[in-house]
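Me: Could you walk me through how to read a model like this one? I'd like the general idea each time, and then the actual case.

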Amino acid sequence: DSLNVVVDQVGTPTYARDLALAIKAIIDAPQWVPGIYHFSDEGAISWYDFTKAIHRLAGIATCNVSPCMSVQFPAKAARPNYSVLDKSKIKATYGITIPYWEDSLKHCLNRLKENE
């Protein structure tokens, strides 16, 4: 098996559990401060490198992952090459500690293994 994954787009994968915990922290805060807040896990990685990390951490060795450029996958909506969010406002306002994407990926994969 083989898989081509875009290497020239960088973002931050976000574990849904981490987002849910951030939302709960805001709901439970003593005072809600109106505004627009960004949230994603910490760090930045290309989709290709993220796919390689998933395979490495999950022990998947049967699929050849190859990098490709986003122009090879035309889409109706243009995607930015760098889409990492600035989370300083949510951290400063609500004191939220945001986990690094790879730690969250490990947690997610471990939970999936537990539920097999």
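Me: Which residue forms a salt bridge with glutamate 102, and how far apart are the closest N and O atoms?

Reply: Look for a side-chain nitrogen of Lys or Arg within 4 Å of a carboxyl oxygen of Asp or Glu. Here the partner of glutamate 102 is arginine 56, with 2.8 Å between the closest N and O atoms. Glutamate 102 sits in helix α4 and arginine 56 in helix α2, so this pair ties together parts that are 46 residues apart in sequence. (Helices are DSSP runs of H or I with at least four residues, strands are E runs of at least two, and both are numbered from the N terminus.) Keep in mind that this is a predicted model, where local features need pLDDT of at least 70 and side-chain atom pairs count only at pLDDT 80 or more, while totals for chains, interfaces and linings use all residues. Residues are numbered from 1 along each chain as its sequence is written, and side-chain values use heavy atoms, leaving out hydrogens and water.

Me: Are glutamate 102 and arginine 56 buried or exposed?

Reply: Go by relative accessible area: under 20% is buried, over 50% is exposed, and in between is partly exposed (1.4 Å probe, protein chains only). Glutamate 102 comes out buried at 17%, whereas arginine 56 counts as exposed at 51%.

Me: How many salt bridges does the structure hold?

Reply: Five. One of them joins the side chains of glutamate 42 and lysine 87, at 3.7 Å from N to O. Glutamate 42 belongs to the loop between α1 and β3, and lysine 87 to the loop between β4 and α3 (88-94), so the pair connects parts 45 residues apart in sequence. Glutamate 42 is partly exposed at 21% relative accessible area, but lysine 87 is buried at 4%. There's also a network of salt bridges linking Glu42, Lys87 and Lys91.

Me: Which residues make the nonpolar surface patch?

Reply: Leu19, Ile23 and Ile27 make it, and the patch covers about 280 Å². Patch members need over 30% relative accessible area and no salt bridge; nonpolar side chains (Val, Leu, Ile, Met, Phe, Trp, Tyr) are joined within 5 Å, like charges within 9 Å. Take isoleucine 23: its place is helix α1 (residues 16-28), and at 45% the residue is partly exposed.

Me: How do I check the length of a helix, and what span should α2 have?

Reply: Multiply 1.5 Å by one less than the number of residues. Helix α2 (residues 47-58) has 12 residues and should span 16 Å; the end C-alpha atoms are 16 Å apart, so the two agree. Just after α2, glycine 59 has a positive phi of about 70°.

Me: And which elements do the buried residues of α2 pack against?

Reply: Those buried residues are Tyr48, Phe50, Thr51, Ala53 and His55. They pack against β1 (2-6), β3 (45-46), β4 (64-68) and α4 (101-114), where contact means heavy atoms within 4.5 Å.

Me: Which residues does serine 66 touch?

Reply: With residues up to four places away left out, serine 66 touches Leu3, Asn4, Val5 and Tyr48. Serine 66 is in strand β4 and counts as partly exposed at 22%.

Me: Zooming out, what pattern does the protein follow along the sequence?

Reply: The pattern reads β-β-α-β-α-β-α-α, which comes to four helices and four strands. Of the 116 residues, 29% are buried. Among contacts with a separation of 6 or more, 89% join residues 24 or more positions apart.

Technical notes: Areas by Shrake-Rupley, 256 points an atom, 1.4 Å probe, with all protein chains shown as cover.
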